[in-house]
Amino acid sequence: QVQLVESGGGLVQAGGSLRLSCAASGRTFSTYTIGWFRQAPGKEREFVGCISRGGSTTVYADSVKARFTISRDNAKNTVYLQMNSLKPEDTAVYYCAATQRWPPGQYAYWGQGTQVTVSS
């Protein structure tokens with residue numbers, strides 16, 4: 001089992017950058033695929049991207065490709081979501097999630113989320 005805690009959200013102007021962190025508990029962090037999702041008010045949760053256990057493979061939604069980068073530091077039990085060139089439509093609560101599967105499929109564990117607000 002793994003527990004996830006997101007941090008790094010906040011208010012930023014359009015065109016700015018933020019880096020979110022997803023810190024995990026447990027000694028088996030490196031066995032988990034980590035995904036990032038977001039949910040805007042009144043909208044369904046959507047996939048942002050994910051990173052494989054060792055960090056060699058990342059997958060991104062088309063809406064964030066070339067602007068967002070996911071990385072991980074297994075020694076620190078942390079995954080990062082670097083968000084550049086932010087747009088107002090990126091405003092959402094961002095969640096990280098974990099699964100031991102690759103390809104990920106369904107995620108078993110979720111964090112509580114962190115709010116990102118992009119002003120125009």
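Buried means under 20% relative accessible area, exposed means over 50%, and partly exposed is anything in between (1.4 Å probe, protein chains only). The views below show a predicted model, in which local features need pLDDT of at least 70, side-chain atom pairs count only at pLDDT 80 or more, and totals for chains, interfaces and linings use all residues. Residues are numbered from 1 along each chain as its sequence is written, and side-chain values use heavy atoms, with hydrogens and water left out.

**View 1. Arg 67 and Asp 90 meet in a salt bridge.**
A salt bridge here is a side-chain nitrogen of Lys or Arg within 4 Å of a carboxyl oxygen of Asp or Glu. For this pair, the N to O distance is 2.7 Å. Arg 67 counts as buried because its relative accessible area is 10%, and Asp 90 is buried too, at 1%. Strands, by the way, are DSSP runs (E, at least two residues), numbered from the N terminus. Asp 90 lies in the loop between strand 8 and strand 9, and Arg 67 in the loop between strand 6 (58-60) and strand 7, so the pair ties together parts that are 23 residues apart in sequence. Salt bridges with shared partners join Arg 38, Glu 46, Arg 67 and Asp 90 into one network.

**View 2. Arg 38 also meets Asp 90 in a salt bridge.**
Here the side chains come to 2.9 Å, N to O. Arg 38 sits in strand 4 and Asp 90 in the loop between strand 8 (78-83) and strand 9 (92-99), which puts them 52 residues apart. Both Arg 38 and Asp 90 are buried.

**View 3. Asp 62 and Lys 65 make another salt bridge.**
Their distance is 3.0 Å, N to O. Asp 62 counts as exposed because its relative accessibility is 67%, while Lys 65 is partly exposed at 45%. A search of the whole structure finds four salt bridges.

**View 4. Tyr 32 and Tyr 109 form an edge-to-face aromatic pair.**
Rings of Phe, Tyr and Trp (its six-membered ring) pair if their centres lie within 6.5 Å; planes under 30 degrees apart count as stacked, over 60 as edge-to-face and the rest as tilted. By this rule there are five aromatic pairs. In this one, the centres are 6.1 Å apart, with 75° between the planes. Tyr 32 is in the loop between strand 3 (18-24) and strand 4 (33-39), and Tyr 109 is in strand 10 (residues 109-110), 77 residues apart. Tyr 32 is buried at 3% relative accessible area, whereas Tyr 109 is partly exposed at 25%.

**View 5. Phe 37 and Trp 110 form a tilted pair.**
Their ring centres are 4.9 Å apart, with 50° between the planes. Phe 37 is buried at 10% relative accessible area, and Trp 110 is partly exposed at 30%. Ring pairs link Phe 37, Phe 47, Tyr 107 and Trp 110 into a cluster.

**View 6. Four strands make an open sheet in the order 1-3-8-7, with antiparallel pairing.**
Two strands pair if DSSP finds at least two bridges between them. The edge strands, strand 1 (4-7) and strand 7 (68-73), each pair on one side only. Strand 1 and strand 3 pair in the antiparallel sense over four bridges. Look for Ser 7, which stands opposite Ser 21 in strand 3.
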